[in-house]
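Dear colleague,

I am passing on a structure for you to look through, and after it I have set out what was found. Please read the notes with the model open beside them.

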Amino acid sequence: MKRFGIRRQVALLTLIPSLIMVVSLEAFFLYSRSSDLDQGLLERGKLIAHQLASSSEYGVFSNNQAFLQNIANGVLHQPDVRGLVILDSASETLISAGKFSGSLNNMNEAVNLPAPLRSSAESLWIYQPIISAQVALDESDNKPDIQQIGAVIVEMSRLRTEGLKTRMLRVTVIVTALFLVFSLYLVSFASRGITSPIRKLSKAMRAIGAGNLDTRISLQTHVDELDTLAQGLNKMTAQLQHEHEEIRTINAELEQRVIQRTAQLESANADLESFSYSVSHDLRAPLRAIDGFVAILREEYASKLDEEGLRLFNVVGDNARKMGQLIDDILAFSRASRGELLLTRIDMNALVRQVWQELEPQRAGRAIEFRLADLPAAGGDLAAMRQVLQNLLDNAIKFTCERELAVIEVDGHTDGEENIYSIRDNGAGFDMAYIDKLFGLFLRLHGMDEFKGTGVGLAIVRRFIMKQGGRVWAKGKPGEGATFWFTLPLVDAYNEKKELENGERRGG
Amino acid sequence: MEKGAAVDILLVEDNPTDAELVMRALKAHDLTDSVEQVKDGEAALDFLFRRGDYAARINSVPRVVFLDLRLPKVDGLEVLKQMRADEHTRLIPVVVMTSSGEERDIVASYQLGANSFISKPVAFEEFVKTVGDLGSYWMQVNKVASAGGAAG
């Protein structure tokens, strides 16, 4: 369906009904006016014929042709009379005047014919019988003896009335055309008063929609509703612009703040990095010196030391080495916190087997039953997960050292939303009362002389798992073993995330 | 006038105790005969390029350089860079010996053409073994291209 603009629709709706009305009124006027003219012509013709018949009675009766010709010539002067004939009782032409045309049949028509004898496009023939005066005297008689002594036929020309009709039609057509032009002009003028504001409004709406909030509408219109609409739109746009500005200001502030914070964070990070660099570099050298010189002392001055003296030097060396380990662990933890992760698909079965293999030195001389279930693949950072598994399995090996047969089980399943892995051992376990200290940095649940360690391993585990979007928890019982669980995202979830990021990157 | 004997090992180490421990470790492996120790990067470059205090040194390059990274004046990576940029010193094996095991140090060292990267252990026993192994390897096992000879 074709869509018209509002202007054309208004014009059509306004013009069509009035045009129909005007045309039908004019048609009616034209019709009645031309009927009037025709009727008038007929009436006049009848009157002329009647008068002629009366006045020519004597002439016909006396067959005085000169007299009749005189009368006929007089009648010819009357307007619209084109010609006439006077007939005697035998329908013979007595007198013919003017440009009479047409045949002379059917003389014996009834008296006082209401209709013309004949009618053509150019003429109207009116027949009037000539009746003798004696008959006219005998009016009281019920059945008067009508004696027709002749007839007149008057031919009335339609030329003048038809001309009048044509002129009338022409004037009507011109008036209609003028009316049409004038109404078109009026409608277009009036509709411009409505449609042009509406068009302005719609144009402004488009501009606002496109984000040009500076747009304002000013309508020169006399239509209240449109003015209200324009004012409302202006108000809304102003409000929108104001809020937009506000949001932009807030955004700019936020961005500024983010930049500041990022700079602060970056500088803090740089400080931290140089700090850990210093730690790794400068703190170890003195320890190396302590251990080294104690060792030299023990070797070169052994003869001058008693057993207690040697033991004390051993203690110094042990502690220097322990401190070295502590520094290494702190640095490992700091790296776990700082480093960015690279998420990939991880074959957990292969990774666990590999890590288990690498822990062979720790397992030396031990009887361990290692049970590895079929683990689902996960989405995560390979290096981080290697560290996590290393720490958890190392712990399991360490805390089962007092068991004759240690049992370490690695299990895993998916619940549709994430993968859940567990590492269970039958080792020393722990008291659930201290569960909140289990994953804390430098927090240990066992004495230094029971199990070696700095209390960093599980803190690193938790940090890495959390960074990969997982959770970690544990259950244990003193003397019965411990189980550690951690979750990782599904490989699919990881893929989705990656696609999302790619999409964002493409979009941005 | 050239003076001094040819040097086999150039030890660039600012920490005297570390230096002493290295010397002891080398001594345990009888490798201390021709070791020269310098205490900063500038001295190392002076020695290698026979400038300043070493302007009159005999024209020979060491068979291996043990290079610490954290050094006063000119740091170890800069020393390495300048060595690799000069054709006289470009082929001298350089073993980076440092306290840290930071990944970025390792990467930077190898990128600048280090031949080996050693993180000095805290435990003395391990330290002696590591340094001894290094000395034996570079002095006795490894074959060196005679770039210094060609240059001289």
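**Helix packing in chain B**

In chain B, helix α1 (residues 16-28) and helix α5 (residues 124-141) have axes that come within 8 Å and cross at roughly 65°, and the crossing in which α1(B) passes α5(B) is right-handed. On the α1(B) side the residues involved are B:D18, B:L21, B:V22, B:A25 and B:L26, and these meet B:F124, B:F127, B:V128, B:V131 and B:G135 of α5(B). Please bear in mind throughout that this is a predicted model.

Another helix of chain B to look at is α2 (residues 41-49), which is mostly covered, with eight of its nine residues buried. Those buried residues are B:G41, B:A43, B:A44, B:L45, B:D46, B:F47, B:L48 and B:F49, and what they pack against in chain B is β1 (9-12), β2 (35-38) and α3 (76-85).

Side chains of opposite charge can pair when their charged atoms come close. The side chains of B:K73 and B:E42 form a salt bridge, with 3.8 Å from N to O. Since B:K73 lies in the loop between β3 (64-67) and α3 of chain B while B:E42 belongs to helix α2 of chain B, the pair ties together parts that are 31 residues apart in sequence. B:K73 counts as exposed at 64% relative accessibility, whereas B:E42 is partly exposed, its relative accessible area being 38%.

A salt bridge also links the side chains of B:R51 and B:D46, at 3.4 Å from N to O. Here B:R51 is partly exposed, with a relative accessible area of 36%, and B:D46 is buried, with a relative accessible area of 16%.

**Chain A**

Chain A contains 13 helices and 12 strands, and of its 508 residues 35% are buried. When contacts in chain A between residues at least 6 apart in sequence are considered, 68% of them join residues at least 24 apart. The chain exposes about 30,900 Å², of which carbon and sulfur atoms supply 56%.

Helix α10 (residues 382-399) and helix α12 (residues 457-467) of chain A pack at an angle of about 145°, their axes being 9 Å apart, and α10(A) passes α12(A) in a left-handed crossing. The residues that make this contact include A:M385, A:V388 and A:L392 of α10(A), together with A:L458, A:V461 and A:F464 of α12(A).

Over all chains the count comes to 25 salt bridges. In one of these, the side chains of A:R284 and A:D328 meet at 2.7 Å, N to O; because A:R284 is in helix α6 (residues 224-300) and A:D328 in helix α7 (residues 307-338) of chain A, the pair ties together parts that are 44 residues apart in sequence. A:R284 counts as buried at 7% relative accessibility, while A:D328, at 29%, counts as partly exposed.

Which residues form a nonpolar patch on the surface? They are A:F182, A:Y185, A:L186 and A:F189, which together have about 470 Å² of accessible area. A:F189 has its place in helix α5 (residues 159-209) of chain A, and its relative accessibility of 53% is why A:F189 counts as exposed, the cut-off for that term being over 50%. An α-helix has 3.6 residues a turn, so residues three or four places apart point the same way.

With best wishes

Note on methods: Residues numbered from 1 in each chain as written. Chains lettered and ligands numbered in written order. Predicted model: local features only at pLDDT ≥ 70, side-chain atom pairs only at ≥ 80, totals over all residues. Heavy atoms only, no water. Patch = residues over 30% accessible without salt bridge, like charges linked within 9 Å, V, L, I, M, F, W, Y side chains within 5 Å. Areas by Shrake-Rupley, 256 points an atom, 1.4 Å probe, with all protein chains shown as cover. Salt bridge = Lys/Arg side-chain N within 4 Å of Asp/Glu carboxyl O. Helix = DSSP H or I, 4+ residues; strand = E, 2+ residues; numbered from the N terminus. Buried < 20%, exposed > 50% of the residue type's maximum accessible area, 1.4 Å probe, protein only. Contact = heavy atoms within 4.5 Å. Axes fitted to C-alpha atoms, helices over the stretch in contact; angles between N-to-C directions. Left-handed = near helix turned anticlockwise from the far one by under 90°.
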